[in-house]
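This report is an introduction for a reader who meets the structure for the first time.

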Amino acid sequence: MESIKNLTSRQKLLADVAEMYFLKGKTQAEIAKAVGMTRSNVSRMLTEAKNEGIVNIRINRPIIENSSLANELINRFRLMNARIIIADQPSRLLEQLGKAAADELSSQLKPGWVIGTSWGTA
């Protein structure tokens, strides 16, 4: 019974440390001072919290791409550039494709160039 209690209190401490760091924006040094340990221990605890599933990190990319497939296309067909867009939801395909196209187009523009566009989904 004691080991279960120790495990629970350890997980609570890991969650507290992770919350201070990720949600409250405290530095590892500030957390170390608050909980009475070294900054190195706090760093190890953050890693442990991630490994234990207490902390989950999610990256929300505006455009999801498959760069390895794009590189295969570039090599196989001797293209200058290629982008493979992956729609996270079928209903957002046109939106994500439009964002990627706008990003690509703006990277090719030179000062003074003028571009005309029209309405539509093409």
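In this predicted model, the side chains of Arg-83 and Glu-104 meet in a salt bridge, with a distance of 3.4 Å from N to O. Arg-83 lies in the loop between H4 and S2 while Glu-104 belongs to helix H5, so the pair ties together parts that are 21 residues apart in sequence. Glu-104 has a relative accessibility of 22% and therefore counts as partly exposed. As a general point, side chains of opposite charge can pair when their charged atoms come close.

With a relative accessibility of 41%, Asp-103 counts as partly exposed. Another salt bridge joins the side chain of Arg-83 to that of Glu-65, here at 2.7 Å from N to O. Because Glu-65 sits in strand S1 (residues 64-65) and Arg-83 in the loop between helix H4 (67-77) and strand S2 (85-86), the pair ties together parts that are 18 residues apart in sequence. Glu-65, at 34% relative accessibility, is partly exposed, and Arg-83 is partly exposed as well, with a relative accessible area of 25%.

The table sets these pairs side by side.

| Salt bridge | N to O distance |
|---|---|
| Arg-83 and Glu-65 | 2.7 Å |
| Arg-83 and Glu-104 | 3.4 Å |

Taken together, Glu-65, Arg-83, Asp-103 and Glu-104 are linked in a network of salt bridges. A search of the whole structure finds 8 salt bridges.

The loop between H4 and S2 also holds Arg-78. The phi angle of Arg-78 is near 55°, which is a positive value in a residue other than glycine. In general, most residues other than glycine have a negative phi. Arg-78 is exposed, with a relative accessible area of 78%.

When residues up to four places away in sequence are not counted, Gln-96 touches Pro-62, Ile-63, Ile-85, Ile-86, Ala-87 and Asp-88. Among these contacts, Ile-85 and Ile-86 are the residues of strand S2 (85-86).

Another buried residue is Val-42, which has a relative accessible area of 0% and lies in helix H3, over residues 39-51. Leaving aside neighbours within four places in sequence, Val-42 is in contact with Val-17, Gln-28, Ile-31, Ala-32 and Met-37. For one of these, Ala-32, the separation from Val-42 is 10 residues in sequence and 6.1 Å in space, taken from C-alpha to C-alpha.

How are the helices and strands arranged along the whole chain? The chain has 5 helices and 2 strands, and, read along the sequence, they follow the pattern α-α-α-β-α-β-α.

The overall dimensions complete the picture. The radius of gyration of the chain is 24 Å, whereas a compact globule of 122 residues would have one near 14 Å. Along its principal axes, the C-alpha trace spans about 70 × 35 × 30 Å. Among contacts between residues at least 6 apart in sequence, 32% join residues that are at least 24 apart.

The accessible surface of the chain comes to about 10,000 Å², and 55% of this surface belongs to carbon and sulfur atoms.

Notes. Residues are numbered from 1 along each chain as its sequence is written. This is a predicted model: local features need pLDDT of at least 70, side-chain atom pairs count only at pLDDT 80 or more; totals for chains, interfaces and linings use all residues. Side-chain values use heavy atoms; hydrogens and water are left out. Contact means heavy atoms within 4.5 Å. A salt bridge is a side-chain nitrogen of Lys or Arg within 4 Å of a carboxyl oxygen of Asp or Glu. Helices (H or I, at least four residues) and strands (E, at least two) are DSSP runs, numbered from the N terminus. Buried means under 20% relative accessible area, exposed over 50%, partly exposed in between (1.4 Å probe, protein chains only). The radius of gyration is taken over C-alpha atoms; the globule rule is 2.2 Å times the number of residues to the power 0.38. Accessible areas come from the Shrake-Rupley method with a 1.4 Å probe; for residues, only the protein chains shown count as cover.
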